[in-house]
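Subject: Handing over a structure

Hello,

Here is the structure I promised to pass on. Please open it first, then read my notes below.

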Amino acid sequence: MRKFLFKFAILFLLILVTMTAIILIPAPENTYMRAMIDKHQRLANTVSPRIVLVGGSNLAFGIDSKAMQDTLNIPVVNTGIHAGIGLGRMLDDAAPFLHTGDIVVIAPEYSHFTSDWNGSSSVLYKLIFDTRRHSLIAHKPFYSHPSYLDFFIYAKNKLLSFIPRPPHPLAYTRDGFNEYGDYVKHLEQENQPITPAETIGEINTQYLSSFFKLADYLTGQGIRVIITYPSYATTTFQNSATVIHKLDAAFRAKQNISVISSPDDYCFPVDYFYDTTYHLNAKGRKIRTERLIQDLKRQLGQ
């Protein structure tokens with residue numbers, strides 16, 4: 001029995017040391033998730049009041065923040081990276097940088113309110129450990145702790161990332177973002193094949209309630225909360241239109257949130273998209289940005 005316990009203790013210690021080493025080893029500098037570090041720097045260094053865009057990769061791949069800033073004459077910070085972070089964590093991550101008078105424009109991926117509110121554990125571990133945002137690993141009233149099992153997927157992928165290999169031309173990288181937080185590396189590339197997604201499912205009232213609590217917290221700090229909608233390919237939109245319109249109605253019933261557009265306004269033909277039903281190409285990005293600018297002008301009285 002003692003031998004078994006001794007061997008078990010040695011094995012546990014080895015696993016613990018290995019896991020700790022993987023966490024502490026810095027990720028490659030050009031890893032996509034490390035763009036969050038640059039976005040934090042812009043949030044910290046941009047004077048309020050400003051517009052802070054919060055959402056997943058629909059924002060990263062779908063907005064020209066410089067055009068917005070130049071037209072609206074207010075600083076713009078695009079914090080969008082990946083829907084797999086989860087909307088609660090996105091807002092929780094941005095909150096310490098926000099100040100009274102800021103305008104938070106939220107463009108959530110629709111699945112955040114049906115299945116992906118808490119995000120993807122494998123994505124979260126990349127964000128949490130690669131960018132040293134350890135506070136986001138906790139279980140909070142707004143979101144749940146990531147799965148422990150997915151840590152091993154993260155660990156495997158991190159170790160593989162150190163193996164030298166030719167760069168993939170379509171790979172997402174940190175240096176693909178510009179100074180405003182927009183991903184621009186894909187704008188000159190050809191569209192990739194896109195498969196329409198199935199229905200997003202049904203609205204989870206618990207996720208919606210958590211979102212409204214976050215909105216209450218932000219507005220209580222003197223921060224203006226605005227909802228716009230993500231760019232979405234027409235074929236995919238049609239598969240979930242009923243649920244999307246129910247979600248829109250729920251947002252509009254919340255008095256301290258301003259809904260400045262209709263989901264249909266951001267439903268675009270598939271040839272406007274680069275590689276997923278959320279990622280716009282150069283043509284789609286330009287049109288979506290122009291629409292968002294007009295929506296914000298009306299809301300801000302410009």
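One term comes first: a residue is called buried when its relative accessible area is under 20%. By that cut-off, 49% of the 302 residues of the chain count as buried. Please keep in mind that this is a predicted model.

**Overall**

The chain has 10 helices and 7 strands. Its accessible surface comes to about 14,400 Å². Carbon and sulfur atoms account for 60% of that surface.

Start with the open sheet. It has 5 strands, in the order S2-S1-S3-S4-S6, and the pairing is parallel. The edge strands are S2 (76–78) and S6, each of which pairs on one side only. As background, strands of a sheet pair through backbone hydrogen bonds, either parallel or antiparallel.

Now go through the pairs. Strand S1 (residues 51–55) runs parallel to S3, with 5 bridges between them. Here glycine 55 stands opposite alanine 107 of S3.

On to S3 (residues 103–107) and S4 (residues 224–227). These two pair in the parallel sense over 4 bridges.

- Isoleucine 103 has arginine 224 in S4 as its bridge partner.
- Valine 104 has valine 225 in S4 as its bridge partner.
- Valine 105 stands opposite isoleucine 226 in S4.

S4 also joins strand S6 (residues 258–259). That parallel pair has 2 bridges. In S6, valine 259 is the bridge partner of isoleucine 227.

How many residues of S3 are buried? The count is 5 of its 5 residues.

**Helix H6**

H6 (residues 121–130) is mostly covered, with 8 of its 10 residues buried. The buried ones are Ser121, Val123, Leu124, Tyr125, Leu127, Ile128, Phe129 and Asp130.

**Tyrosine 180**

This residue lies in the loop between helix H7 (150–160) and helix H8 (205–220). Is tyrosine 180 buried or exposed? Its relative accessible area is 10%, so tyrosine 180 is buried.

What is tyrosine 180 in contact with, leaving aside its neighbours within four places in sequence? The partners are Arg42, Ser65, Lys66, Gln69, Val76, Val77 and Asn78. Valine 76 is worth a look. Tyrosine 180 and valine 76 are 104 residues apart in sequence. In space, C-alpha to C-alpha, tyrosine 180 and valine 76 are 7.0 Å apart.

**Cavity**

The structure holds 1 cavity of 30 Å³ or more. The largest cavity has a volume of about 60 Å³. Which residues line the largest cavity? They are Met36, Gly55, Thr79, Ile81, His82, Ile85, Met90, Asp93 and Ala94. By class, this lining divides into 5 nonpolar, 3 polar and 1 charged. Helix H5 (residues 87–94) gives the most to the lining, with 3 residues.

The lining has 16 residues, and the closest to the centre are Ser57, His82, Ala83, Glu109 and Tyr278. In the lining of this pocket there are 8 nonpolar, 6 polar and 2 charged residues. His82 turns up in both places. It is among the residues that line the largest cavity, and it is one of those closest to the centre of the second largest pocket.

**Where to start**

I would begin with S3. Its residues are buried, and it pairs with S1 and with S4. Then go to tyrosine 180 in its loop. Finish with the residues around the cavity, including His82.

Best wishes

Technical notes: Residues are numbered from 1 along each chain as its sequence is written. This is a predicted model: local features need pLDDT of at least 70, side-chain atom pairs count only at pLDDT 80 or more; totals for chains, interfaces and linings use all residues. Side-chain values use heavy atoms; hydrogens and water are left out. Buried means under 20% relative accessible area, exposed over 50%, partly exposed in between (1.4 Å probe, protein chains only). Accessible areas come from the Shrake-Rupley method with a 1.4 Å probe; for residues, only the protein chains shown count as cover. On a 1 Å grid over the protein atoms alone, a cavity is a set of points where a 1.4 Å probe fits but cannot get out, and a pocket is an open set with protein on both sides within 12 Å along at least five of seven lines; lining residues have an atom within 4 Å of a point. Ala, Val, Leu, Ile, Met, Phe, Trp, Tyr, Cys and Pro count as nonpolar, Asp, Glu, Lys and Arg as charged, and the others, Gly among them, as polar. Two strands pair if DSSP finds at least two bridges between them. Contact means heavy atoms within 4.5 Å. Grid points are joined across faces, edges and corners, and a volume is the space filled by probe spheres set on the points.
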